[in-house]
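Open the model in a viewer and keep the selection panel at hand. The stops below go from the whole chain to single residues and back to groups of residues.

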Amino acid sequence: MIVVGGLLLMAGAVVAVVYGGDAAGGWLLPVGLIAAGLGMLLAGAAAAVRRRVPLLAAVRAHRATPVGSPLRRARAVPGMIAATARGRNPVLPRYQLLLWLIAVVYVISPIDFIPEFLPLLGIGDDIGVGAWLLTSLYAESGNYLAARQQREVEAE
């Protein structure tokens, strides 16, 4: 996320320098790119800090180290959602499915807390919710694969 944020910041700066406000949207495009880049940088920094904060002992005892490549994790998402909906996934609480559903509806819906016609903030909330959704799905699918792998090892 930090890399994407940096790239968006650089793209915004390049567009601002090259077009100098003469682009179709005036300063809207470079400012929007810079704002999105800052949002991604802050989200990446918050995630990096959160990873370094020690987990509670109870959570640590129930969660294994995440496993799986990004492609393997993406393939595991439907199975993880189905297992959680049926109550067969002890790693993930059911309310997390509701939060993901709300996030998908929020990103897709034209009705937002912050309207899209506001230059900087309108798309920023959608980017933030979408980034949270993708990182949450990615992390939880790794936990799901680790728990499934651990169950297979224990069954042998």
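Begin with Arg73, which sits in helix H4, residues 70–85. The coordinates belong to a predicted model. Is Arg73 buried or exposed, and what is the nearest side chain of opposite charge? Arg73 is buried but forms no salt bridge. The nearest side chain of opposite charge is that of Glu140, 9.5 Å away.

Next, show what surrounds Arg73. Leaving out residues up to four places away in sequence, Arg73 touches Pro66, Val67 and Gly68, along with Tyr138, Ala139, Ser141, Gly142 and Leu145.

From that list, select Val67, in the loop between helix H3 (57–62) and H4. Beyond its neighbours within four places in sequence, Val67 is in contact with Arg73, Gly142, Leu145, Ala146 and Gln149. Draw a C-alpha to C-alpha distance from Val67 to Gly142: it reads 5.1 Å, while the two residues are 75 apart in sequence.

Now select the largest nonpolar core. Its twelve residues are Ala76, Val77, Met80, Ala83, Leu92, Leu97, Trp100, Ala103, Leu133, Leu137, Tyr144 and Leu145. Helices H4, H5 and H6 each contribute at least two residues to this core. In soluble globular proteins, nonpolar side chains tend to be buried together.

Not counting residues up to four places away in sequence, Leu92 touches Met80, Thr84, Trp100 and Glu140.

Switch to a surface view for the next stop. Tyr95, Leu98, Leu99, Leu101, Ile102, Val105 and Trp132 make a nonpolar surface patch of about 710 Å². Which helix gives the most to this patch? Helix H5, residues 95–108, does, with six residues. Trp132, also in the patch, is located in helix H6, residues 124–155. Trp132 counts as partly exposed because its relative accessibility is 37%, between the limits of 20% and 50%.

Finally, zoom out to the whole protein chain. The secondary structure amounts to six helices and zero strands. Of the 156 residues, 28% count as buried. The chain exposes about 10,300 Å², and carbon and sulfur atoms supply 71% of that area. For contacts between residues at least 6 apart in sequence, 61% join residues at least 24 apart.

Methods:
Residues are numbered from 1 along each chain as its sequence is written. This is a predicted model: local features need pLDDT of at least 70, side-chain atom pairs count only at pLDDT 80 or more; totals for chains, interfaces and linings use all residues. Side-chain values use heavy atoms; hydrogens and water are left out. Helices (H or I, at least four residues) and strands (E, at least two) are DSSP runs, numbered from the N terminus. Buried means under 20% relative accessible area, exposed over 50%, partly exposed in between (1.4 Å probe, protein chains only). Lys and Arg count as positive and Asp and Glu as negative; His and the chain ends are not counted. A salt bridge is a side-chain nitrogen of Lys or Arg within 4 Å of a carboxyl oxygen of Asp or Glu. Contact means heavy atoms within 4.5 Å. Patches are made of residues with over 30% relative accessible area and no salt bridge: like charges are joined within 9 Å, nonpolar side chains (Val, Leu, Ile, Met, Phe, Trp, Tyr) within 5 Å. Accessible areas come from the Shrake-Rupley method with a 1.4 Å probe; for residues, only the protein chains shown count as cover. A nonpolar core is a set of buried Ala, Val, Leu, Ile, Met, Phe, Trp, Tyr and Cys residues joined through side-chain atoms within 4.5 Å.
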